[in-house]
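Take a moment to look it over, then we'll go through some of its parts together.

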Amino acid sequence: MPILEIQRAEKIHDYIQKLEKLTNLPLRSSPVILSSPRQQISLELPREVKQSYEYVEQLYEDISEHELLFKAIKTGWEYINSGYKIVPTSKEDYFQQINKSYVFQVAKERGYSVSDDYLKEHKFCYGQYEMYYAVHEIMQRNAFDFLLSKSYSQNFIHTYTNWYKCVKLISSQFIIPLTSTVQKNPHILDQLWVVSHNINQLRLLGIEIMGEGEFLSRNQRKTNNTVLLNQLGYEIYQVASWWCRVDPYRVICEFLKASGIFPDATKYLIGAELNTIDEYVCGICHAPMVRWGWDWIQRYQIGNKTVLAHKDCVARKHHAGH
Ligand SMILES: [Zn+2]
């Protein structure tokens with residue numbers, strides 16, 4: 001009987017292999033994080049807060065935007081995080097809106113200049129779906145469980161609580177103006193994390209999911225954009241879309257580590273020691289593995305050796321009484 005976990009893993013591994021042949025790029029052995037900022041950028045929160053829920057409510061809609069965020073920041077943390085709603089509650093709603101045409105439509109309504117071609121684009125970047133699914137699982141449900149249960153030490157709980165507390169908002173798609181003299185062009189981040197920093201500061205961490213096309217042509221335009229985004233106060237983390245498909249939880253942990261908001265994150269993640277996508281192989285059935293559900297990769301003891309294995313393979317072994 002084919003198992004969903006294995007079917008999905010085989011499909012994704014196969015796809016990446018084909019993509020690698022097609023592009024002649026070492027995708028399976030590429031780093032998870034393709035680029036991260038040279039330094040942290042922290043912004044001061046205003047000392048005088050302007051009391052208003054107006055912008056804050058809009059900010060917590062599914063897709064958010066630069067000018068709105070900066071207006072909301074003026075209200076201070078008390079307002080911004082008043083609903084304790086870090087990610088939109090419904091994963092399903094988000095998935096309907098993930099395609100590019102939707103975000104460009106929102107940008108247009110907010111006064112950006114968007115060409116009609118963009119409004120027709122119904123694609124979304126591979127890996128984006130998986131990344132958001134994982135973020136949702138972590139923030140809404142299994143925040144603890146996706147990390148090693150045996151690491152519930154005092155120290156772990158302390159660092160864990162700290163990073164969890166500092167995350168104020170995760171926007172699925174985020175619109176930033178890149179302005180030329182004549183028009184306001186939208187730049188879309190795949191995720192924006194708004195985190196508190198020190199006592200009265202914040203950091204804006206943008207995640208860009210890079211497809212193989214962008215990896216191939218890491219061109220000047222992209223670099224220029226990053227410089228502009230830095231000037232506006234955003235730190236940009238570029239992650240590999242193919243890694244997002246194999247292990248979005250790993251990508252998030254690597255991002256938490258790189259950004260410094262949870263430096264030990266990868267230490268607590270099962271399988272974070274795997275260096276390449278080829279190493280994502282089940283120690284029991286030897287088929288490829290991916291981590292679409294937070295518990296899909298598990299540890300299993302064979303003799304005196306610990307292997308990583310499919311959740312399903314481990315369950316069957318336990319069922320058989322081994
Ligand atoms: Zn297996």
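Which residue in S6 is the bridge partner of isoleucine 176? It's histidine 187. Before we go on, bear in mind that what you're looking at is a predicted model.

**A hairpin**

That bridge pair belongs to two strands, S5 (residues 173-179) and S6 (residues 184-189), which run antiparallel and are joined by 6 bridges. There are 4 residues between S5 and S6, and the two strands form a hairpin. As a bit of background, side chains in a regular strand alternate between the two faces of the sheet.

**The zinc site**

Now let's look at the metal. A zinc ion is held by Cys282, Cys285, His310 and Cys313, at 2.1 to 2.4 Å.

What arrangement do the 4 donor atoms make around the zinc ion? It's tetrahedral, because the angles they subtend run from 100 to 122 degrees; for four donors, that label needs all angles to lie between 85 and 135 degrees.

| Residue | Relative accessibility | Class |
|---|---|---|
| Cysteine 282 | 1% | buried |
| Cysteine 285 | 33% | partly exposed |

Cysteine 282 counts as buried because its 1% falls under the 20% cut-off. Cysteine 285, at 33%, sits between that cut-off and the 50% one, so it counts as partly exposed.

**Helix H13**

Next up is H13, a helix of 12 residues (248-259). Since 10 of its 12 residues are buried, H13 is largely enclosed by the rest of the structure. Among those buried residues are Tyr249, Arg250, Ile252, Glu254 and Leu256. Just after H13 comes glycine 260, with a positive phi of about 85 degrees.

**The nonpolar cores**

Leu256 turns up again in the largest nonpolar core, which has 66 residues. Together with Met139, Trp163, Val167, Trp193 and Phe262, Leu256 touches the most other members. Helix H8 (residues 128-141) gives this core its largest share, 7 residues. Another core, of 26 residues, lies apart from it and includes Ala72, Leu169, Leu229 and Ile236.

And what does tryptophan 163 touch, leaving aside neighbours within four places in sequence? Tryptophan 163 is in contact with Ile138, Met139, Trp193, Leu256, Ile261 and Phe262.

Technical notes
Residues numbered from 1 in each chain as written. Predicted model: local features only at pLDDT ≥ 70, side-chain atom pairs only at ≥ 80, totals over all residues. Heavy atoms only, no water. Donors = N, O, S within 2.8 Å, 3.2 Å for Na, K, Ca; no water. Tetrahedral: all angles 85-135°; square planar, octahedral: opposite > 155°, others 65-115°. Buried < 20%, exposed > 50% of the residue type's maximum accessible area, 1.4 Å probe, protein only. Expected span 1.5 Å × (residues − 1). Pairing = 2+ DSSP bridges. Core = buried A, V, L, I, M, F, W, Y, C linked by side-chain atoms within 4.5 Å. Contact = heavy atoms within 4.5 Å.
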